[in-house]
Amino acid sequence: MLNITIINGPNLNLLGKREPGVYGSESFDDFLVQLKQQFPQVNFTYYQSNIEGELVDAIQQNGFNQDGIIINPAAYTHTSVAIGDAIAAIKVPVIEVHISNVHAREDFRKISHVSAKAVGSIVGLGLKGYALATEWLIQNTK
Ligand code: CA2
């Protein structure tokens with residue numbers, strides 16, 4: 001069994017409830033049910049927080065005992081040196097996912113403190129990005 005932790009940052013708990021034009025109309029909880037069905041060989045752990053330090057804690061806590069981390073730090077992507085440092089400090093491969101195409105939006109979204117520390121990034125492909133990241137981890141870890 002492959003162990004993958006998905007970590008989502010601030011406001012992603014609102015997915016499906018607001019701004020369906022940018023982020024789609026599906027809640028992450030509903031998506032997670034499908035993701036688990038799509039990858040029965042994966043043991044998914046899901047964590048979401050709106051608090052920067054809690055995200056740092058989650059990265060540290062999952063960074064040595066999982067096979068991979070898929071992270072969408074949301075707005076903290078663009079501001080948090082602490083989250084970038086935490087990703088650099090852990091052992092397991094991290095894939096950065098953004099639902100929207102951050103490069104096609106405001107300039108401040110073009111900066112990521114995570115990209116350089118991640119194995120790779122998937123942006124703009126909607127929630128499918130989490131499934132693609134899972135596929136990569138299945139094929140490239142263990
Ligand atoms: O595209 C992404 O996945 C983002 O990480 C989403 C963040 C944004 O700050 C990043 O630049 C790109 C925002 C998440 C907010 O999610 C909402 C969901 C529903 C309603 C309102 C916000």
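# Exercises on a predicted model

In this predicted model, helix H3 and helix H4 (residues 81-89) pack at an angle of about 5°, and their axes are 9 Å apart.

**Exercise 1.** Determine how H3 and H4 are oriented to each other, and describe the residues of their contact.

*Solution.* Two packed helices are described by the angle between their axes and the distance between the axes. Step one takes the angle, which is about 5° for H3 and H4. Step two applies the cut-off: angles under 35 degrees count as roughly parallel. H3 and H4 are therefore roughly parallel to each other. Step three turns to the residues: on the H3 side stand Glu 52, Leu 55, Val 56 and Ile 59, and they meet Ala 82, Ile 83, Ala 86 and Ile 87 of H4. The residues of this contact comprise seven nonpolar, one charged and no polar.

**Exercise 2.** State how many salt bridges a search of the whole structure finds, and examine the one formed by Lys 142.

*Solution.* Side chains of opposite charge can pair when their charged atoms come close. The search of the whole structure finds three salt bridges. In one of them, Lys 142 pairs with Asp 67, with the closest N and O atoms 3.8 Å apart. Lys 142 lies in the segment after helix H5 (128-140), and Asp 67 in the loop between helix H3 (52-62) and strand S3 (68-72), so the pair ties together parts that are 75 residues apart in sequence. Lys 142 is exposed at 76% relative accessible area, whereas Asp 67, at 16%, counts as buried.

**Exercise 3.** Characterise the salt bridges of Arg 109 and Lys 110.

*Solution.* Begin with Arg 109, whose side chain meets that of Glu 106 in a salt bridge of 2.7 Å, N to O. Arg 109 is buried, at 17% relative accessible area, while Glu 106 is partly exposed, at 35%. Next, Lys 110 forms a salt bridge with Asp 107, the closest N and O atoms lying 2.7 Å apart. Lys 110 counts as partly exposed, at 40% relative accessibility, and Asp 107 as exposed, at 58%.

How values were computed. Residues are numbered from 1 along each chain as its sequence is written. This is a predicted model: local features need pLDDT of at least 70, side-chain atom pairs count only at pLDDT 80 or more; totals for chains, interfaces and linings use all residues. Side-chain values use heavy atoms; hydrogens and water are left out. A salt bridge is a side-chain nitrogen of Lys or Arg within 4 Å of a carboxyl oxygen of Asp or Glu. Helices (H or I, at least four residues) and strands (E, at least two) are DSSP runs, numbered from the N terminus. Buried means under 20% relative accessible area, exposed over 50%, partly exposed in between (1.4 Å probe, protein chains only). Axes are lines fitted to C-alpha atoms, for helices over the stretch in contact, and angles run from 0 to 180 degrees between N-to-C directions. Angles under 35 degrees count as roughly parallel, over 145 as roughly antiparallel, 65 to 115 as roughly perpendicular and the rest as oblique. Contact means heavy atoms within 4.5 Å. Ala, Val, Leu, Ile, Met, Phe, Trp, Tyr, Cys and Pro count as nonpolar, Asp, Glu, Lys and Arg as charged, and the others, Gly among them, as polar.
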